[in-house]
Amino acid sequence: MDAARYLVDYLIFPGFLFTAVVGLLTTWVDRKVTARIHWRVGPPWYQPFADTVKLLGKEVIVPAGARKTGFLLMPIVGLAAATLASTILWKANLDPGNSFIGDSIVVLYIMTIPAIAMILGASASGNPLAILGGAREMKLLFAYELPLVIAMLTTVYKAESFSFENILRMQADSGQFLGSFSGTLAFIVAIFCAQAKCSLLPFDIAEAETELAGGAHIEYSGAPYAVVRLNMAIMLFIVPVFIVTMFWGGFTFVGWKILTSILKYVAVIVIMVLIKNTNPRVRIDQAVRFFWGPMLVLSIIALILAVLGY
Amino acid sequence: MNDLLYIIIVAAVAGIIPLLVPRKASIVAGVTSLIAAVWIFILSMQLFRAGEIAWSVPLFNLGGEIPFEFALRLTGFSSFVLLFISLFGVLIILYSLGYMKGKGQASIYYSYLMWTLAAAAGVVMADNLLILLVFWEILTAILFFLINMGGEGHEKAAAKTFTILGFTDATMLLGIILIWTTFGTISISELAANPIVPSSPVTITAFICLFIGAIAKAGGMPFHSWIPAIAKPTHASVIAFLPASLDKLLGIYLLGLLTLRIFAIEPGGALSMMMMIVGVCTIIFAVLMALVQHNLKKLLSFHAISQVGYMVLGVGSGIPVAIAGGLFHMVNHAIYKSGLFLGAGAVEKMTGTTELEDLGGLAKLMPVTFITMIITAFSISGVPPFNGFVSKWLVYQGMLEGKYMIFLIAAIFGSALTMASFIKVLHSIFLGRRPEKFDGVREVGFSMQLPMIFIAILCIGFGIFASYPLQNFILPVVSGAGAISTSGFEVVTESTNGFWSPVSATILMVVGLVVGIIIFAFGRIKKNLRYDDNPWIGGNILENEEMRIPGTHFYKTVTDELNPIVTGAFHDGEKGAFDLFNIFGRLGDLVVQFLRSMHDGILSTYLSWAVIGLGVLAFILMFRW
């Protein structure tokens, strides 16, 4: 029975199907808001779905000299990991009494797998531009991981536990973490790290359409590219969920809290989209300097404040 | 005969046989060693089940009072370490059958391996610190000979190793003497019955002396520099056997013995802090140096150092969860790191090089090596659900319990950098584009594949079914093990409420892969697949060589331009600024220079020195009597 439940959780709700649908809808929100900022009309809500279906019917090109299996397999690995992270996060929010799969450190680690899969896929494609993109993605990954971990640990320190259950209960008991000084600072840091994790401007350095022509994604086409796009959509969905869970009291779907839960999520998304649309792309060394400079300092201050009890 | 002594004798005698075999039939030497190693493995499995065994024979009475015994004792801790030592013995000898083919001195190589096995078994079974030290020294000596069998530059590397390990063995002797004179016994079980509280200067010194011996063997900073020095010239199988697995097991075994049994270390006290700081510095500095390496074996050797940090951090903290994590990491590290070195050896055997810049695109030609390397690389980087993740996760839980936030951050960040470094390795060797000269490379023979496959399976098995090794090997050793419970396949920590259920995670990941494949099937990928288009590089068509990007410069922007402090550390690290051997070497050089300047080759100078010496001697003697 348990196994069947797990499968339903993972495949339908809150796992793959739910995550994919909401993730694609989120990309629509992103595109629509971006379009409005540009004074364009923007696509209809079903555009991301239409794109995915269209890509599934297209030709799949494996370039000469590519390592075929790795090249085709890596997007799927990313998809499996992203879906797993999403399932854990949602189960923690919807059913906090039952531990499911793992705690926050597990989710943090699993959320890096899509990026790593993307890098290995780029490397397997054998295209120098893709490899440059992959190398940049890796540099970006260890650049933002440090402040993100410290920001996350502020909450963990307060809850004295890595488990989502305790983190959510701590926030339910003593107020949302965002309300404290340390929480606000950590939240700001986490938002910028999320920007990099979802590879949105100004940190879409690994794809960099204008210089690397898609970078790590350059050789993907057809069905594998649909999966790559789906991965990015899912990441855009779950990273804000992770932030809301860690810093903003999580999600509750009871009574009027349904509304606030959705609003929290939309607020984080809109902040991210606004940052995306108001900043030009930075260079990789600037990005690393940004995360190991101001962001690191800010996150350390947040942690010190948390230790002092603010 | 007693079982414990039997193991040592079997290994030692099996080491003599290869010397009797004609040089040309070195394969016979290999096979006999393999049989002996398998036998030892079976014996140690039986001993592991049998529980605690002790055996001793009195040798002499020191000063008529203090008895000195040749005492062996197998406890739960030592029997599981012995189990893994003998397992690695089997795997490495099996691998060597293929690896040493066509290399000189193969027969004596097998002798050394067997004697190493005998000495290592002696170390873990010794119930007397002096006996332990004797076996420990034998290991150092054999390591010296094994390094000397290697390629270009081995003399210097071997000398360096012998100097560092010889020095730290001497500090161990000092520590043992201090304990002996203070407490009147050096029997481990007697000391364990009444653990020493390191409060007085003498006991603290004794602890630090023994600690230095332990971390120098394991490769912790600042006594790490022998491992990178021997990485390049020495045979890959030797590094996989000694610095990568056996020395880790033994070094951390001794550390565990010190912190858990002989001494009563106060968690959070000064000594515990010192050990944790050593651990964290080792993690971060070694991994930063690994990032800039261009040679595969050298890069792996820096990771072999970096990972020791997690073990020292965990065991040194004195928190049960972290101790369990540290000890589990010791086992896991021995597994994946020997696998990585065996993979490096396979690549070296087939391509003749381990320089990352020269390699590339071997995944298709060496699929087994590639898959095992990717699994071991993910294990060392702590990617769930492989084994490295579980042990690191336990260390993190312990750090949170002790509220050592800085150590926690450093440990997590260290694992991100490890990932970065292994992305570079996987790209440079197996993915990326293949230089045309390697088009004819083949996979290594089956006897070399088998140990690698077995190690990869262990990495997956110990990751997914982590509750089994934890329950059977680790938790019985750690006191206060109630902090971790393993219900079914789940691992739960009591104090921090950590939770990790690797089996369900893996099953769901596999389901996710199936979902992905179904999506591909929807896209009718088989029908739509098209090969052999040129990669798209802005419309240019480039030659293969022009498209090769070695991974060695992946992190150049980070290591060169950014953060002068860190960058300084990179370069000084490469030059050897953190290398105690070099620093003391320079001091020694000054002394030698001075002495040399006195040798001018003129007889009268020597004579006058002799006369002055005689005068001083006469003067002293006159005043004594």
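This is a predicted model: local features need pLDDT of at least 70, side-chain atom pairs count only at pLDDT 80 or more; totals for chains, interfaces and linings use all residues.

Me: How many residues of chain A and chain B are in contact?

Reply: Contact means heavy atoms within 4.5 Å. Here 75 residues of chain A are in contact with 74 residues of chain B. Buried area is the accessible area (1.4 Å probe) that two parts lose on being put together, summed over both. Chain A and chain B bury about 6700 Å² between them, and 76% of this is on carbon and sulfur atoms. On the side of chain A, the three residues A:Arg67, A:Tyr109 and A:Phe142 supply 11% of the area buried against chain B, more than any other three residues.

Me: Which residues form a salt bridge?

Reply: A salt bridge is a side-chain nitrogen of Lys or Arg within 4 Å of a carboxyl oxygen of Asp or Glu. The rule finds one across the interface of chain A and chain B. A:Glu160 forms a salt bridge with B:Lys403, with the closest N and O atoms 3.0 Å apart.

Me: Which helix gives the largest share of the side of chain A that touches chain B?

Reply: Helices (H or I, at least four residues) and strands (E, at least two) are DSSP runs, numbered from the N terminus. Among the elements that each supply at least two residues to this side are helix H1 (2-11), strand S1 (60-63) and helix H13 (284-308) of chain A. The largest share, 15 residues, comes from H7(A). For classes, Ala, Val, Leu, Ile, Met, Phe, Trp, Tyr, Cys and Pro count as nonpolar, Asp, Glu, Lys and Arg as charged, and the others, Gly among them, as polar. The side of chain A that touches chain B has 53 nonpolar, eleven polar and eleven charged residues.

Me: How much space lies in the largest pocket, and which residues lie nearest its centre?

Reply: On a 1 Å grid over the protein atoms alone, a cavity is a set of points where a 1.4 Å probe fits but cannot get out, whereas a pocket is an open set with protein on both sides within 12 Å along at least five of seven lines; lining residues have an atom within 4 Å of a point. Grid points are joined across faces, edges and corners, and a volume is the space filled by probe spheres set on the points. The largest pocket holds about 1000 Å³ of space. Its lining has 39 residues, and A:Gly70, A:Leu73, A:Met74, A:Val77 and B:Ile374 lie nearest the centre. H4(A) gives the most to this lining, with seven residues. By class, the lining of the largest pocket divides into 31 nonpolar, four polar and four charged residues.

Me: How many cavities of 30 Å³ or more does a search of the whole structure find?

Reply: The search finds six. In the largest cavity lies about 230 Å³ of space. Of the 19 residues that line the largest cavity, A:Pro114, A:Ala115, A:Met118, A:Asn231 and A:Met232 lie nearest its centre. H6(A) gives the most to this lining, with five residues.

Methods: Residues are numbered from 1 along each chain as its sequence is written. Chains are lettered from A and ligands numbered from 1 in the order in which they are written. Side-chain values use heavy atoms; hydrogens and water are left out.
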